[in-house]
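Biologist: Before we discuss any labels, could you put the model on the screen, so that each term can be set against its definition?

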Amino acid sequence: MDMPGGAFEGESHRPAQSYWNESWERLRANRIGVAAGVLLLVFALIALAAPLFSQFVTHFDPTRQHLLDNFRPPGRPYLLGTDELGRDTLTRLIYGGRVTLGVAFLTVALSLSLGSTVGLLAGYYGGWLDDVLMRIVDVFLAIPAIFLFILMSILFRPNAITLAAIIASVGWGGVARLVRGEVLSVKQRDFILAARTIGARDVRVIFRHLLPNVLPVLIVAASLGVGQIILIEAALDFLGLGIQPPTPSWGNMLTNAESYFFHSTWLVVFPGITIFLTVLASNIFGNAVRDAFDPRLK
Amino acid sequence: MAAPLLDVQDLRTVFATKEGVVKAVDGVSFHLDAGETLGIVGESGCGKSVTAMSIMRLQRPGRVTGGKVLFKGRDLIQASEQEMREIRGKEISMIFQDPMTSFNPVFRTGWQVAEPLVLHKGLNRMKAMAEAVGLLGRVGIPAPAARARDYPHQFSGGMRQRAMIAMGLTTAPSVLIADEPTTALDVTIQAQILDLLRHVNKEFGTATILITHNLGVVAGMCERVMVMYAGKVVESGPTTDVFAHPKHPYTWSLLRSIPRLDDELHEPLRAIEGLPPSLVELPGGCAFHPRCSFMVDRCTKDIPSLNPVGETQLAACWVTQSGTELAHG
Amino acid sequence: MAEAARAHLKRAWTTSDPLLSARGLTVWFPVSSGLLQRTSAHVHAVDGVDLEIMQGETVGLVGESGCGKSTLGRTLIRLIDPTAGTIEFRGEDITHLRGEALRAKRREMAMIFQDPYSSLDPRQTVGDIIGEPIDIFGLAKGRERQDRIYELLGVVGMNPRFADRYPHEFSGGQRQRIGIARALAAEPSLIICDEPISALDVSIQAQIINLLERLQSKFELTYLFIAHDLSVVKHISDRVAVMYLGKIVETAPGRELYSHPRHPYTDSLLSAIPIPDPLVERGRERTILQGDVASPVNPPSGCRFRTRCPRAREQCADHEPPLDSFGPDHQAACFFPLD
């Protein structure tokens with residue numbers, strides 16, 4: 001049916017609006033999405049400023065034990081209580097955020113970099129390169145993640161960075177597939193052919209035309225990915241394959257508190273709620289970003 | 001004179017969009033007599049498709065905000081959804097530009113043609129299929145019994161369009177609305193389909209509304225024609241008269257701007273300057289005035305009403321209504 | 001009168017050697033099927049086409065879907081690699097050109113696309129879109145580059161202010177103008193126009209046709225105008241080539257094609273095109289073809305049109321008709337041509 005919106009001809013009197021601007025406007029209009037994004041940002045900032053918080057707000061060190069004050073419920077001076085070794089929960093949550101969020105963002109950065117490079121090349125060049133790259137991706141996707149994790153944690157002592165690398169090594173395949181699909185779709189559009197027609201080299205076509213049009217998909221994947229990685233990290237901690245104590249992470253705090261669930265429920269509740277809120281915010285924000293970029297709304 | 005089969009009076013349909021309210025159909029009136037072929041012609045955004053959808057009450061997400069659509073004396077706008085379901089596909093059929101999306105890809109074509117017979121005429125499956133096969137043959141599909149067992153994607157564009165026409169005719173409707181039925185087809189296939197539509201109109205006596213942007217198609221197919229611009233009817237009348245002496249500057253300019261196969265001399269085309277208006281920010285007065293070479297002051301202020309100009313035509317133009325002839329703009 | 005003036009202008013920059021010529025040009029696309037994705041057949045998109053385009057000419061290429069006209073247009077400027085045959089540009093063989101040598105030629109050959117909505121990168125400003133050829137070939141920088149972009153916008157009838165805007169803010173016709181400005185940016189000699197007005201509203205089509213004709217005189221351009229609407233092609237072209245299933249079946253100057261078509265396909269094509277004049281339309285004698293276009297994967301033997309041709313006889317299945325001459329610039333491939 002011929003929608004009347006198609007007759008929007010004539011001069012635009014508004015100032016020039018790029019696609020990014022329009023998407024940003026749409027995102028801003030989504031209140032809940034913005035709130036979720038702000039929450040993520042706040043958590044990230046607090047985690048970054050962990051030493052400051054420790055010094056000025058909580059006055060505790062995350063690994064310092066106060067054995068006489070163990071199992072304290074939330075109150076003063078331990079705002080969120082203490083664990084079995086008398087360590088302040090709030091401070092540990094903040095420092096744990098550093099680790100957990102750090103792993104999440106780093107993993108996303110690694111898997112997106114590798115995955116999008118492979119996806120771009122495979123999608124743009126096609127042919128044998130596509131076949132080879134995608135078979136490699138298939139191999140990685142077929143490896144049971146748990147097996148890889150166990151192997152890796154035997155070989156290395158997992159710290160935040162190696163953990164990020166390990167999780168990324170499992171996840172980049174999905175990103176590659178996603179990017180390749182998007183590239184195949186964008187490649188069909190005439191402006192890519194037009195770029196070749198005017199003499200652009202492959203590098204220019206890929207970076208100037210293909211990548212900016214594929215970016216929205218990456219941004220959405222990144223937003224949703226943060227939440228996914230947090231859950232994976234928590235699961236790994238639970239299995240003992242993740243961050244080792246005494247370094248706090250949200251996941252291992254949760255694991256640690258498992259034995260004390262009935263005794264000191266708050267030790268489970270606080271890390272649990274933190275993880276829950278963060279993952280929820282990541283999902284909401286990711287969906288909001290996807291809606292903001294939706295080409296149908298253009 | 002008998003009452004018209006379909007009488008549309010002052011139909012109004014609007015769409016709510018981010019930029020504002022769009023008056024897609026803004027006071028459209030016309031009639032269709034039994035057995036005749038009426039062409040509705042105009043460019044994208046003029047409202048011709050929305051008019052047809054509104055008649056069928058399929059205009060959502062738009063809303064009909066006014067007017068009447070009298071079909072055999074009954075106002076379809078006031079009819080209930082149940083009543084409309086009785087009419088759609090049975091008394092008023094519609095065929096579309098893209099036959100691929102009108103067919104369900106998971107069912108065989110023959111069954112899709114037969115389905116209206118089961119639904120509306122209460123025939124049993126076998127009888128309905130037999131009639132469907134017969135119809136497929138009558139619309140010119142070779143080996144219809146075999147082809148009825150094929151799925152839509154196995155048909156070529158032209159054959160699918162024929163099958164869609166068959167589907168539209170199963171219940172011998174009084175009105176067939178064809179919305180750009182040949183736009184997506186190659187020109188030699190288009191000729192076949194138009195030939196078929198002409199044949200259908202003669203043999204079945206079905207009144208046809210042909211919606212298109214192609215003036216050549218209208219010239220060959222329609223007894224009467226109605227020209228739309230920005231949601232309104234700007235001109236209507238017998239096709240021969242409208243083409244010979246158009247009474248609205250838009251029709252006049254459009255006819256002069258199209259390259260014709262039988263053009264003799266090569267001269268630059270007399271293009272209509274400017275762009276079609278934004279339906280959200282319509283110019284004051286006559287919507288065509290910014291592009292009109294005959295414009296006078298009144299055109300910027302008052303919206304012209306559709307009135308008789310000449311013996312057989314109606315035109316919504318102050319200039320021609322006041323007696324001025326359109327020549328050499 | 002007008003015709004004579006045009007002819008005079010054309011001669012001012014016309015040379016006797018063709019700007020672009022193709023001999024035996026063939027483009028086959030493999031079709032793979034089966035478990036191991038073996039090539040089972042080929043789509044004969046273009047099959048042994050000879051075409052010459054003289055400098056300053058507009059050659060129209062017309063045909064229905066599947067005839068290969070778009071493929072031919074793209075192969076001529078090496079966006080697609082030919083399977084066989086040769087292409088010469090200004091006398092130089094460009095059939096197997098690759099890499100930098102091919103890119104250098106790209107400056108001379110430009111293209112305008114059918115879909116104004118997908119042929120412009122939505123992430124770039126109009127100015128950057130038009131300026132990209134200038135950047136690629138390093139033709140101008142800074143202030144000079146900006147001036148050139150403004151000039152190009154003006155030449156296609158758009159306000160230079162629009163250089164900062166994005167494509168989605170414009171209508172189909174305006175986007176097409178932007179595409180034309182981009183095509184002109186590197187000062188090409190040849191422009192392949194691939195259905196440039198099919199996606200536009202009728203009232204805008206005439207504007208763009210007039211613009212293309214004005215630009216041809218102003219910049220001494222040569223056009224290959226590909227379209228399925230013969231009325232438009234006849235209007236804008238000096239010569240028209242009719243394609244069917246990968247072959248050129250007839251070539252003639254526009255008016256002669258209309259008044260004396262020789263090939264039965266041309267005749268049925270002309271007969272099928274509606275003329276916006278009821279009196280003429282209703283009085284016309286129609287040659288309506290039966291059936292559908294055959295598949296380019298398995299084209300009929302001999303003359304490909306014979307399965308739909310009202311004049312076909314046995315001979316047509318056994319041999320492929322060669323292109324016979326019917327006058328200066330008029331050729332048709334048929335054993336039983338019309339008189």
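**Pairing, fold and contact in chain C**

Modeller: This is a predicted model, and in it strand β7 (residues 190-194) of chain C runs parallel to strand β8 (residues 222-227) of chain C, the two being joined by 5 bridges.

Biologist: What makes β7 and β8 of chain C a pair?

Modeller: Pairing requires at least two bridges between two strands, and since 5 bridges join β7 to β8 in chain C, the two count as paired. Among the partners, C:D194 is bridged to C:I226 in β8(C).

Biologist: Why are β6 and β11 of chain C called edge strands?

Modeller: The open sheet has 8 strands with mixed pairing, in the order β6-β7-β8-β3-β9-β10-β12-β11 (chain C). In this sheet β6 (109-112) and β11 (324-325) of chain C each pair on one side only, and they are the edge strands.

Biologist: What makes up the side of chain C that touches chain B?

Modeller: With contact taken as C-beta atoms within 7 Å, 39 residues of chain C are in contact with 40 residues of chain B. The largest share of that side of chain C, 7 residues, comes from α7(C), and by class the side has 19 nonpolar, 10 polar and 10 charged residues.

Note on methods
Residues are numbered from 1 along each chain as its sequence is written. Chains are lettered from A and ligands numbered from 1 in the order in which they are written. This is a predicted model: local features need pLDDT of at least 70, side-chain atom pairs count only at pLDDT 80 or more; totals for chains, interfaces and linings use all residues. Two residues are in contact if their C-beta atoms, placed from the backbone, lie within 7 Å. Helices (H or I, at least four residues) and strands (E, at least two) are DSSP runs, numbered from the N terminus. Ala, Val, Leu, Ile, Met, Phe, Trp, Tyr, Cys and Pro count as nonpolar, Asp, Glu, Lys and Arg as charged, and the others, Gly among them, as polar.
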